[in-house]
Amino acid sequence: MSVVPAHLEEVTLRATGAVARRQFISRISRYVLLAASLIGVAILIYLAYETLQAGASRVTWHFLTNYPSRFAERAGLRSAIIGSAWTMSFTVVLAFPVAIGTAVWMEEFAPKNAVLSFVKLNLANLAGVPSIIYGILGLAIFVRFADMGPSIMAGALTLALMIIPMTVIAAQEAIKQVPQSIRDASLAVGATHWQTVWSHVLPQALPGIMTGVILAVSRAAGETAALIMIGAFSLILYDNTSPFDSFTTVPIQIYSWTVRPANLGFQVNASAAIIVLMAAVLTLNLIAAIIRERFRRE
Amino acid sequence: MIVGSLTLCAAISLLTTTLIIYVLFSETSTFFRDVSFQEFFTGTTWRPLFEPVSFGVWELVAGTANVVLWSMVMALPVGLATAVYLSEYASGRTRGLMKPMLEALAGVPTVVYAYFAINVITLDVLRPVFGPDLPVFNSLAASVMLAVMILPTIASISEDAMASVPRDLREAGYGLGATRLEVAWRVVVPAALSGIVASVLLAIARVVGETMIVAVAAGSTPNLTLSPLESIQTMTGYMLQVGLGDAARNTVEYQSLFAVGAMLFMITLAFNIGAHLLVARFREEYE
């Protein structure tokens, strides 16, 4: 039996020269890359802090329930919140059925041919069309041609067209993930194709679809450019009661306060309104995340 | 009946595209009755409101190119570093924690970024660095916020591309004695290049189409420059300006909105199609 000589027992191979330098650079790179990847989040935290500093004290009941005003201290978000609520409700009601119908048709009923590929390509491109283009589409078609004026309905139709593509893509993904065995089982006991889709595929895909819808709504809730293009940039001093009223929304109000001359004090209102808008958007995103997580486990 | 109504739903998206193209190009063709092609495409002065009027679109295109350039200069290195870190260095748990935070940046309404650009970036960050001569409305403040906005697009799509690079390639690199950084930078990044380029094209399309940040922070003076420290106007910035002004129909001003819109539509379409072709390519390569 040979015994390892004592002087060889604790030898570690240690690189020297060029190899040592390469290893050192590689070890350092981990921290450099980590630092770089935290920049975005750090900026977000810094900006959130600045906004809370500037605007938190302005977020009061009066701020939420007052109409806009010439005086920064008296101006509030009332008409913007009501306008946003009306617009969002109509947007969802208009976009939801069309988006789901499109996704179901594409995944379950469409013949797998060139028409389907074209519809898919078209949706992917529509999802990349800038919102301001949807705005001038809404201006030309809904506001001018259909003569709706800069109304809630014109705004909701414009936003609905804007969010349909992204909702379809999310719903499609959700429907794709429903296992084929579920469809087979349903068809095997005599259900029709449509019964299978309606009673088995859609309920299974619903959490995924809802997540997509909520994220799309949160995008529409923050949309500004498209609504300014249809002419929704106006002073509203009443509560909306009809979908054909003129309206304003929270992001439009933020814009209008942001571009006022700095010495009038409206920047405080803008940051307070940002706190309100971000609270709403983050809540929507949180709900979407919770739905996604809950149903992933099952 | 049911299949019929579902098909109708799908037809709405085709109708949307048709309407966008119809609206843009019908108004644009009326625009070109008053303004010559030559003036629009070769002129370098965009002055639609004051006599003598001039419709040289290059000044607006330069404004857009300006913010694309500077936002990319900032977002590309950071986005790529983030993608490399998440794909090659981070543990599964870190990745699970960082990805949602990063994606939160994409969910922030752009009017919020616009507010930050003038109230925080210009006043608290850029003025102290570049001095009080920096205009309140400047391309750099807008570019900083645009860079933050597109960071998740670049990082997320590049990371997906890197994650789909087969493990064998990395193992081969390590087998030859390469370090982790060398494998990441010289094996994984080149192998994922088409996905990375796709992410950049999508990001550019988003910057080109973004309106609120540039309209609020970059100014409203058309300016043929790529300097980040000047006031400029982008294509979208001009469109919003017209939208705010409630231009009457059948005026050249109203029609110019659609001419610039058509140009914007074509540019974003080109970048988006380029990105989709590249994504399709890297999917094919490794699946």
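How many residues of domain 1 of chain A are in contact with domain 2 of chain A? I looked this up in a predicted model, where local features need pLDDT of at least 70, side-chain atom pairs count only at pLDDT 80 or more, and totals for chains, interfaces and linings use all residues. Residues are numbered from 1 along each chain as its sequence is written, and chains are lettered from A and ligands numbered from 1 in the order in which they are written.

**Entry: domains of chain A**

I found 6 residues of domain 1 touching 8 residues of domain 2. Contact means C-beta atoms, placed from the backbone, within 7 Å. Domain 1 spans 19-58 and domain 2 spans 61-297; the bounds come from an automatic or database domain assignment. Their C-alpha centres lie 32 Å apart.

**Entry: chain B against chain A**

I noted 63 residues from chain B and 66 residues from chain A in the contact. On the chain B side, helix 1 (residues 2-34) gives the largest share, 15 residues. Helices here are DSSP runs (H or I, at least four residues), numbered from the N terminus.

**Entry: the core**

I then checked the largest nonpolar core, which has 185 residues. Such a core is a set of buried Ala, Val, Leu, Ile, Met, Phe, Trp, Tyr and Cys residues joined through C-beta atoms within 7 Å. Buried means 20 or more other C-beta atoms within 10 Å of the residue's own, with C-beta atoms placed from the backbone. B:Ala117, B:Met145, B:Ile213 and B:Ala217 touch the most other members. Helix 6 (residues 152-176) of chain A supplies the largest share, 18 residues. Not counting residues up to four places away in sequence, B:Ala117 touches several residues, including B:Thr122 and B:Val216.

Definitions and conventions: Buried ≥ 20, exposed ≤ 12 C-beta atoms within 10 Å, placed from the backbone. Helix = DSSP H or I, 4+ residues; strand = E, 2+ residues; numbered from the N terminus. Contact = placed C-beta atoms within 7 Å.
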